[in-house]
Amino acid sequence: MSTSGIKSGIELDELGKFFTITARFFDAGQAAPQMFSAAIDAAWHALVADPAAHEAFALQHAGRKLFHAESTGSGFISWVSAYEQAYGPLPEIWFTNADGTLNSEALARYRDTGEVWAEWDCGPVEGGDGDDLIPAASYL
C-alpha cells in the first residue's frame, strides 16, 4: 500500500481506528463520525491519492469501501466515547495540525473534560466517489 506523503505510521494507525469506528456507527444507523484532525485527514488525503490502496485500507479497517466527502460543522465530537471504549484515550495526533503543530489547549481541554469540541469540514461516506479537498481543521 502506498503511503507517500505520510510523516509517520501513527496517522494511518489512527485513520484505521477511525474507519473501524465509522463502520460501527454506520452499522448502528448513526451519522458518520466527524474528522476533526487535520494531521489524520492529511494522511487520508495521501491515501486517497492511491485509489487501490485507499480501497484496500478501508476494506481492512471498515469492512467496506469508504469515501472522503466534504461535511462542514462544529460542535461536540460524538464518537470519542466509542473510540475510548475500543482503544483508550485519544492520542495527541488527534489534536495536531497538518504541519505537525500540537494544539495543546485543545488537548488539555480534552484531558480535563473527556470531551472534544471542534470544527470539521470532511468525513467518511459509503458509496459515491469521494473528493480531494484538503480541510483546514481548527479546534474550538
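A salt bridge here is a side-chain nitrogen of Lys or Arg within 4 Å of a carboxyl oxygen of Asp or Glu. By that rule, the structure holds 6 salt bridges. This is a predicted model, where local features need pLDDT of at least 70 and side-chain atom pairs count only at pLDDT 80 or more, while totals for chains, interfaces and linings use all residues. Residues are numbered from 1 along each chain as its sequence is written, and side-chain values use heavy atoms, with hydrogens and water left out.

**Salt bridges**
- Lys17 pairs with Glu14, their closest N and O atoms being 3.1 Å apart.
- Both Lys17 and Glu14 sit in helix H1 (residues 9–27), 3 residues apart; helices are DSSP runs (H or I, at least four residues), numbered from the N terminus.
- Glu14 is buried at 3% relative accessibility, and buried means under 20% relative accessible area, exposed over 50% and partly exposed in between (1.4 Å probe, protein chains only).
- Lys17, at 24%, is partly exposed.
- Arg109 and Glu105 meet in a salt bridge of 3.1 Å, N to O, and both belong to helix H5, 4 residues apart.
- Glu105 is exposed at 57%, whereas Arg109 is partly exposed at 28%.

**Lining of the largest cavity**
- A cavity is a set of points on a 1 Å grid over the protein atoms alone where a 1.4 Å probe fits but cannot get out, and lining residues have an atom within 4 Å of a point.
- Arg109 is among the lining residues, together with Phe95, Ala106, Tyr110, Glu115, Val116 and Trp117.
- Helix H5 (residues 104–113) gives the largest share of this lining, 3 residues.

Technical notes
1 Å grid on protein atoms, 1.4 Å probe; cavity = no way out; pocket = protein on both sides within 12 Å on 5 of 7 lines; lining within 4 Å. Helix = DSSP H or I, 4+ residues; strand = E, 2+ residues; numbered from the N terminus.
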